[in-house]
Amino acid sequence: MVMKVHGSVLSTAAMRVLIVLNEKGLEFEFVPVDMRAGEHKKEHFLALNPFGQVPAFEDGDLKLFESRAITQYIANVYKDKGTPLVCEGKPMATLGVWMEVEAHQFDPVGSKLQWELLFKPMFGMATDAAVVEENEAKLAKVLDIYEARLSQSKYLGCDCFTLADLHHLPVLTNLMGTHVKKLFDARPKVSAWVADIMTRPALAKVLAMRNQQ
């Protein structure tokens, strides 16, 4: 059976899963969820994700939610397909650290900034300058740590592209279209890393899906 991803291409969490599937070259069906109509809160979707959030994922009789859990499932179960996105042995421990860093240090501030600078204007809402300023300062501190890490390693987890890098791509893509880009450009190692990972063909395929909506 073909894997299914239920979600919206505007969702950074859904994008994360779609990028992994494309990195792996796996066949899948994308099932759009109309979030503006509240479809993600309806009974048929709640049967897939009881929290009413996208994405939801199906692989045969297996049903998963939470995007990073889904990406790790795909990367491990289909490790012999496409791009190797995880490591073996001790290097996997370091990779795990940087996946946690993305989830708990980068994503919270990045998501707040993209909401204020990208999505609020899209929905006709006013940007909160104080929230932007606060989270720019927080992001700068995170990126200082990234600069130090990337001075030791080509990528965050190890010297090859892995989930630790890939998980950043959806939020990074959105932030690069805002003035926050200057925070990345000001740090040479971070800037080179961003330029590198944003050229992934798998990301281009997902952005093409998004542009068709």
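Some ground rules first. This is a predicted model in which local features need pLDDT of at least 70 and side-chain atom pairs count only at pLDDT 80 or more, while totals for chains, interfaces and linings use all residues. Residues are numbered from 1 along each chain as its sequence is written, and side-chain values use heavy atoms, with hydrogens and water left out.

1. **The D107–R68 pair.** A salt bridge here is a side-chain nitrogen of Lys or Arg within 4 Å of a carboxyl oxygen of Asp or Glu. D107 sits in helix α4 and R68 in helix α3 (residues 67–77), so this pair ties together parts that are 39 residues apart in sequence. Helices (H or I, at least four residues) and strands (E, at least two) are DSSP runs, numbered from the N terminus.

2. Buried means under 20% relative accessible area, exposed over 50%, and partly exposed in between (1.4 Å probe, protein chains only).

3. R16, R68, E102 and D107 are linked in a network of salt bridges, and the structure holds eleven salt bridges. Another of them joins K120 and E116 (3.2 Å, N to O). Those two are four residues apart in helix α4, so about one helical turn separates them. K120 and E116 are both buried.

4. **The sheet.** Now turn to the strands, which pair if DSSP finds at least two bridges between them. Four strands form an open sheet in the order β2-β1-β3-β4, with mixed pairing. Its edge strands, β2 (28–32) and β4 (62–65), each pair on one side only. On average, neighbouring strands are turned by 20 degrees against each other, direction ignored.

5. **Strand β3 in detail.** Strand β3 (residues 56–59) runs antiparallel to β4, joined by four bridges, and D59 stands opposite L62 in β4. With β1, β3 is also antiparallel, through three bridges; there H6 has A56 as its bridge partner in β3. A56 and E58 point one way from β3, F57 and D59 the other way, and all are buried. The hairpin of β3 and β4 has two residues between the strands, and G60 takes a positive phi near 65 degrees in it.

6. **Helices on the sheet.** Helix α1 lies across β1 (3–7), β2 and β3, running at about 155 degrees to β1. Helix α3 lies across β3 and β4, at about 135 degrees to β4. Axes are lines fitted to C-alpha atoms, for helices over the stretch in contact (heavy atoms within 4.5 Å). Angles run from 0 to 180 degrees between N-to-C directions.

7. **A helix crossing.** The axes of α5 (residues 129–150) and α9 (residues 188–197) come within 8 Å and cross at roughly 80 degrees. That makes α5 roughly perpendicular to α9, a label for angles of 65 to 115 degrees. Residues making the contact include Y146 of α5 and W193 of α9.

Terms used. Parallel < 35°, antiparallel > 145°, perpendicular 65-115°, else oblique.
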